[in-house]
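Welcome! Please have a look at the sequence and the structure, and then read on.

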Amino acid sequence: MPLLLAIDCAGPACSVALAAAGKIEASRSVRLARGHAEVLMATIADALAESGADYRDIGCFAVTVGPGSFTGIRTAIAAARGLALALSRPLVGVTTLEAVARGARRAAARGDADCLVALDTRRADLYAQRFAPDGAARTLPVAMMPERLVSTVGAGPLLLAGDAAASLVPLLDARGIAFDGPAGEGFADAADVAGIAAERWNSPNAGDLPPVRPLYLRPPDATKPPAGGRLRP
């Protein structure tokens, strides 16, 4: 059966996974704050070597589209697009929030609660989204201040997930909203990206998959220099 190769560089790791028939055949994860571009292709090569496969055995590529690190997202999407184009394979995009929710669901003891994912933006706000127990999105992904986010979540119980989920605990307690967690690793893993992508690749609507585009939710921290970077006279 053709392999699916999933790539994630949106968070604090460069993570890849090879999956077939719902099983992870090989995976690699390198924790790093920056420098995803320097290690990504070598990480993919290591996973392929572990599985005994090569690029021609890959039937589909998947990649996290964000939100997360601007540089990491661009690196992963560029690599995945290039490989998919070179091999004439489909490419599936998965959001970081979806992947974190799936990982939390696997780690949680209960499966009947909505999952609220909150990710660190390195600012005062959070990336967040709420998912139903079956993984369907209840809300759109947003960048929102914690206090406002909690005021909009409605009733619990909730399963908390994401590397910023702990910051919501006192706010939820203050409102009397029941919750479990935080659950999972707190960041996306390529194995969960592979699981979501495989479902979409094998669905009846696989031929209508949307184009893969970055999901940033807010502008980058970098700004244009004055006068376009030109030296002052």
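Let us begin with Arg122, found in the loop between strand E6 (114-120) and strand E7 (126-131). Helices (H or I, at least four residues) and strands (E, at least two) are DSSP runs, numbered from the N terminus. This is a predicted model, in which local features need pLDDT of at least 70, side-chain atom pairs count only at pLDDT 80 or more, and totals for chains, interfaces and linings use all residues. Residues are numbered from 1 along each chain as its sequence is written, and side-chain values use heavy atoms, leaving out hydrogens and water.

Arg122 has a phi near 65°, a positive value in a residue other than glycine. With a relative accessible area of 74%, Arg122 is exposed; here exposed means over 50%, buried under 20%, and partly exposed in between (1.4 Å probe, protein chains only). Ser88, in the loop between H2 and E5, also has a positive phi, near 55°. Ser88 counts as exposed, at 65% relative accessibility. Most residues other than glycine have a negative phi, and most peptide bonds are trans.

## Two cis peptide bonds

Which residues does a cis peptide bond with omega of about 0° join? They are Gly66 and Pro67, and Pro67 lies in the loop between E4 and H2. A cis peptide bond with omega of about 10° joins Gly181 and Pro182. Pro182 sits in strand E10 (residues 179-183).

## An open sheet

Five strands form an open sheet in the order E3-E2-E1-E4-E5, with mixed pairing. Its edge strands, E3 and E5, each pair on one side only; two strands pair if DSSP finds at least two bridges between them. On average, neighbouring strands of this sheet are turned by 15° against each other, direction ignored.

E1 and E2 pair in the antiparallel sense over 5 bridges, and Leu4 stands opposite Ala19 in E2. H2 lies across E1, E4 and E5, running at about 160° to E4. Axes are lines fitted to C-alpha atoms, for helices over the stretch in contact, and angles run from 0 to 180 degrees between N-to-C directions.

## Helix H1

Buried residues of H1 are His36, Leu40, Thr43, Ile44, Ala47 and Leu48. They cover an arc of only 135° around the axis, which puts them on the same side of H1; the arc is that of the directions from the helix axis to the C-beta atoms. On the other side of H1, Glu38 and Ala49 are exposed.

What covers the buried residues of H1 includes E1, E2, E3, E4 and helix H2 (70-87), with contact meaning heavy atoms within 4.5 Å. After H1 comes Gly52, whose phi is positive, near 75°.

In helix H6 (residues 190-201), Ala190, Asp192, Val193, Ala194, Gly195, Ile196, Ala197 and Trp201 are buried. The N-terminal end of H6 is capped by Asp189, with a side-chain oxygen 2.8 Å from the backbone nitrogen of Ala191. A polar contact is a pair of N or O atoms within 3.5 Å; within protein, one must be able to donate a hydrogen and the other to accept it, and residues adjacent in sequence count only if both atoms are side-chain atoms.

Not counting residues up to four places away in sequence, Glu98 touches Phe131, Ile196 and Arg200.
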